[in-house]
Amino acid sequence: MTPKEKAIELVGKFNNHTVKELIYLKNGRVIEGKTEAKQCALIAVDEILDGVIDTLQNFNYWKQVKQEIEAL
């Protein structure tokens, strides 16, 4: 799964538990109600990054996921 796909998946999962206002365009960009779900997803990725020191590749993957979440 690409970092962008993972970012969209995480925001979508948190959306199921926060607000129901996310609207996805065909290109995967979120256009409404994204703030709460994005913040939850960013917190989750930060927790992963804090605990990921085993491999540089794994760390870089999650850093890219975080960048993709921020870009949504």
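In the predicted model, the side chains of D46 and K66 meet in a salt bridge, with an N to O distance of 2.6 Å. Because D46 belongs to helix α2 and K66 to helix α3, this pair ties together parts that are 20 residues apart in sequence. D46 is partly exposed, its relative accessible area being 29%, whereas K66 is among the buried residues of α3.

The count of salt bridges comes to three, and K6, E9 and K13 are linked in a network of such bridges. An α-helix has 3.6 residues a turn, so residues three or four places apart point the same way. With regard to accessibility, K6 is buried at a relative accessible area of 19%, which falls under the 20% limit, while E9 counts as partly exposed at 26% and K13 is partly exposed at 46%.

A further lysine, K38, is placed in helix α2 (residues 35-51). K38 is buried yet has no salt bridge, and the nearest side chain of opposite charge, that of E70, is 8.0 Å away. The side chain of K38 instead reaches backbone oxygen atoms: that of I69 at 3.5 Å, and that of L72, which lies 3.0 Å from a polar atom of the K38 side chain. When residues up to four places away in sequence are not counted, K38 touches V11, I69, E70 and L72.

For helix α3 (residues 56-71), the 16 residues should span 22 Å at 1.5 Å a residue, and the end C-alpha atoms are 23 Å apart, in agreement with that expectation. The buried residues of α3 are W62, V65, K66 and I69. These residues cover an arc of only 100° around the axis and therefore lie on the same side of α3. The face of α3 turned away from this buried side carries the exposed residues L56, Q57 and Q67. N58, also located in helix α3, counts as partly exposed at 27% relative accessibility, and its C-alpha atom is separated by 9.9 Å from that of I48, ten residues apart from N58 along the chain.

Methods. Residues numbered from 1 in each chain as written. Predicted model: local features only at pLDDT ≥ 70, side-chain atom pairs only at ≥ 80, totals over all residues. Heavy atoms only, no water. Helix = DSSP H or I, 4+ residues; strand = E, 2+ residues; numbered from the N terminus. Buried < 20%, exposed > 50% of the residue type's maximum accessible area, 1.4 Å probe, protein only. Lys, Arg positive; Asp, Glu negative; His and termini not counted. Salt bridge = Lys/Arg side-chain N within 4 Å of Asp/Glu carboxyl O. Polar contact = N/O pair within 3.5 Å; in protein donor to acceptor, adjacent residues only side chain to side chain. Contact = heavy atoms within 4.5 Å. Expected span 1.5 Å × (residues − 1). Arc of directions from axis to C-beta.
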